[in-house]
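Colleague: Before we go through the model together, could you show me the sequence and the fold? I would like to ask my questions with both in view.

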Amino acid sequence: MEEEAFVSPDRLELEIQQSTLFKQDDGSYRLKLHHEHFNVGCDLVFRPQMAPLRHGEDGVVKAPDGGDMFYYFIPQCEVEGSLTFKGNRVGVSRGQGWYDHEFGGHKAEDAAEQDIAWNWVALQLDGGRQLTAYTLV
């Protein structure tokens, strides 16, 4: 990275070079990405259409090595904004998107070295039902 990333200590707000992700005051999420060399990017707003869903035990996914993480997602978001490809901007007036947020996963200092990963799947079914499952491996 050419410059240090900014991470807000009190709200969801990240800035890495010319790319940002932040939660807006109205509860929507804005994602702005730009790659100068390839002249591609996006400026999209994700508006949740349902409450967040949590994996694990109320959002906590427990790892055997103590590297627990917190994970939630919002699989139904309305999306609008724009996409840019080779300098050509195209408006997105209506779309669907998925927002998820995972953090933590740091091992306890005294934990033995283990390779741990997780596999998960999520389905969106007719009638608005959601099904999600995961396994740690």
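Colleague: How do the residues of the lining of the largest pocket divide into nonpolar, polar and charged?

Modeller: This is a predicted model, in which local features need pLDDT of at least 70 and side-chain atom pairs count only at pLDDT 80 or more, while totals for chains, interfaces and linings use all residues. Residues are numbered from 1 along each chain as its sequence is written, and side-chain values use heavy atoms, with hydrogens and water left out. In this sorting Ala, Val, Leu, Ile, Met, Phe, Trp, Tyr, Cys and Pro are nonpolar, Asp, Glu, Lys and Arg are charged, and the others, Gly among them, are polar. Sorted in that way, the lining of the largest pocket gives 9 nonpolar, 2 polar and 3 charged residues.

Colleague: How much space lies in the largest pocket, and which of its lining residues are the closest to its centre?

Modeller: A pocket is found on a 1 Å grid over the protein atoms alone, as an open set of points where a 1.4 Å probe fits, with protein on both sides within 12 Å along at least five of seven lines, and its lining residues have an atom within 4 Å of a point. Its grid points are joined across faces, edges and corners, and the volume is the space filled by probe spheres set on them. For the largest pocket that space comes to about 230 Å³. Of its 14 lining residues, the closest to the centre are Leu-12, Leu-14, Leu-21, Tyr-99 and His-101.

Colleague: Which element gives the largest share of the lining of the largest pocket?

Modeller: Elements are DSSP runs numbered from the N terminus, with helices (H or I) needing at least four residues and strands (E) at least two. Two or more lining residues of the largest pocket come from each of strand E2 (13-16), strand E4 (29-35) and strand E9 (88-104). The largest share, 4 residues, comes from E9.

Colleague: How many helices and how many strands are there in the protein?

Modeller: Reading from the N terminus on, the elements run β-β-β-β-β-β-β-β-β-β-β. The count for the protein is therefore 0 helices and 11 strands.

Colleague: Is Tyr-99 buried or exposed?

Modeller: Tyr-99 lies in strand E9, and once neighbours within four places in sequence are set aside, its contacts (heavy atoms within 4.5 Å) are with Leu-12, Tyr-29, Tyr-72, Phe-73, Ile-74 and Cys-77. The C-alpha atoms of Tyr-99 and Ile-74 are separated by 5.1 Å, although these residues are 25 apart along the chain. Buried means under 20% relative accessible area, exposed over 50%, and partly exposed in between, with a 1.4 Å probe and protein chains only. Because its relative accessible area is 7%, Tyr-99 counts as buried.

Colleague: How many disulfides does a search of the whole structure find?

Modeller: Cys-42 counts as buried because its relative accessibility is 13%, and Cys-77 does so because its value is 3%. A disulfide is a pair of cysteine sulfur atoms within 2.5 Å, and across the whole structure the number found is 0.

Colleague: Where does Lys-86 lie, and how far apart in space are Val-40 and Lys-86?

Modeller: Lys-86 is in the loop between E8 and E9, has a positive phi near 50° without being a glycine, and is exposed because its relative accessibility is 60%. Val-40 lies in strand E5 and is partly exposed because its relative accessibility is 24%. Leaving aside neighbours within four places in sequence, Val-40 is in contact with residues including Thr-84, Phe-85 and Lys-86. Val-40 and Lys-86 are 46 residues apart in sequence, and their C-alpha to C-alpha distance in space is 5.6 Å.
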